[in-house]
Amino acid sequence: MIDLYGMGSPNVVKIYLALEEMGLPYKAIPIDVFGGAQFKAEFTKLNPSAKVPVIVDHEGPGGRPYTVFESGAILIYLADKTGQFLPRDGVARYDALQWMMVQMTGVGPMFGQFVHFTRFAPKGNDYAVDRYRTQVRRVLDVLEQRLATAPWLGGQEYSIADMATFPWARGVGLFLGKAAEQDYPKLMSWVAAIASRPAVVRALAAVDDVRSRTTAFDKAAPDMLDKIFGRGAHAAA
């Protein structure tokens, strides 16, 4: 059994996808991020960075419980544990890993900053909004080009690179406007193919459930948003 601590953010969705695709039994433990649960001592013992997702594998290395945080590390851990969705060696392994890192260092951070400045920042941040919209478009162009040459991000096989990227890429229409989807036909076909997978359907249903049990971003208390984003009274001196 694996305990999954998280909520409904794209970085957590990745792990739901992996657990369902790999057929691993798991228990979802909601962490109410917009309610501040990640700052409680019992959670920071699992991840001192106070971030989700976190897993606890009760049958970890040596048969002992093992805790893993950071979504990319969790995906690699689960793939290596099961021998699925990541080649064990050779070029195919590194192709999958480097395309997963495109998500970790490019897609996720650029989308994250764009969403922050459009959704949470005060008005008058036109430079930031324009910068991160442009960067989101740039990384989407990279994904579109890749999928014009290979069926999956890692190459010929569906992998953790696709699981990492799907939760962000499926939001193109939501974040950039529905018309933007027309600019990325290969990417949108890839999104549709992943969304139709039975394991993904199960994963997204589980995500909807955990969202129903945690505070929505637009219901968060103002001081809690300040704490989460390190601003106001919580800004560094």
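Is Phe85 buried or exposed at 19% relative accessibility? Phe85 counts as buried at that value, where buried means under 20% relative accessible area, exposed means over 50%, and partly exposed is in between, with a 1.4 Å probe and protein chains only.

Before going on, a word on the source. This is a predicted model, in which local features need pLDDT of at least 70 and side-chain atom pairs count only at pLDDT 80 or more, while totals for chains, interfaces and linings use all residues. Residues are numbered from 1 along each chain as its sequence is written, and side-chain values use heavy atoms, with hydrogens and water left out.

Back to Phe85. It is found in the loop between α3 and α4 (90-119). Helices (H or I, at least four residues) and strands (E, at least two) are DSSP runs, numbered from the N terminus. Phe85 is not a glycine, yet its phi is positive, about 65°.

Ala50 is another case of this kind. Its phi is near 55°, a positive value in a residue other than glycine. Ala50 sits in the loop between α2 and β3, and at 16% relative accessibility it counts as buried. The loop between α2 (41-44) and β3 also holds Pro53. The peptide bond joining Val52 and Pro53 is cis, with omega about 5°.

Now the sheet. Strands of a sheet pair through backbone hydrogen bonds, either parallel or antiparallel. Here four strands form an open sheet in the order β2-β1-β3-β4, and the pairing is mixed; two strands pair if DSSP finds at least two bridges between them. At the edges are β2 (26-30) and β4 (66-69), each pairing on one side only. From one strand to the next, the twist averages 20°. Strand β3 (residues 54-57) pairs with β4 in the antiparallel sense over four bridges. In that pair, Asp57 stands opposite Tyr66 of β4.

What packs on the sheet? Helix α3 (residues 71-82) does, touching β1 (2-6), β3 and β4, where contact means heavy atoms within 4.5 Å. The direction of α3 makes about 135° with that of β4. Axes are lines fitted to C-alpha atoms, for helices over the stretch in contact, and angles run from 0 to 180 degrees between N-to-C directions.

Next, a pair of helices. The axes of α6 (residues 160-169) and α8 (residues 185-195) come within 10 Å and cross at roughly 110°. That makes α6 roughly perpendicular to α8, since angles of 65 to 115 degrees count as roughly perpendicular, under 35 as roughly parallel, over 145 as roughly antiparallel and the rest as oblique. On the α6 side the contact is made by Asp162, Thr165, Phe166 and Ala169. On the α8 side the residues are Leu187, Met188, Trp190, Val191, Ile194 and Ala195. By class, this contact of α6 with α8 has eight nonpolar, one polar and one charged residues. Ala, Val, Leu, Ile, Met, Phe, Trp, Tyr, Cys and Pro count as nonpolar, Asp, Glu, Lys and Arg as charged, and the others, Gly among them, as polar.

Two last items. Val13, in helix α1 (residues 10-22), is buried, with a relative accessible area of 1%. Not counting residues up to four places away in sequence, Val13 touches Gly8, Pro167, Leu204 and Val207. In helix α10 (residues 222-229), the buried residues are Met224, Leu225 and Asp226. Just after α10, Gly230 takes a positive phi of about 65°.
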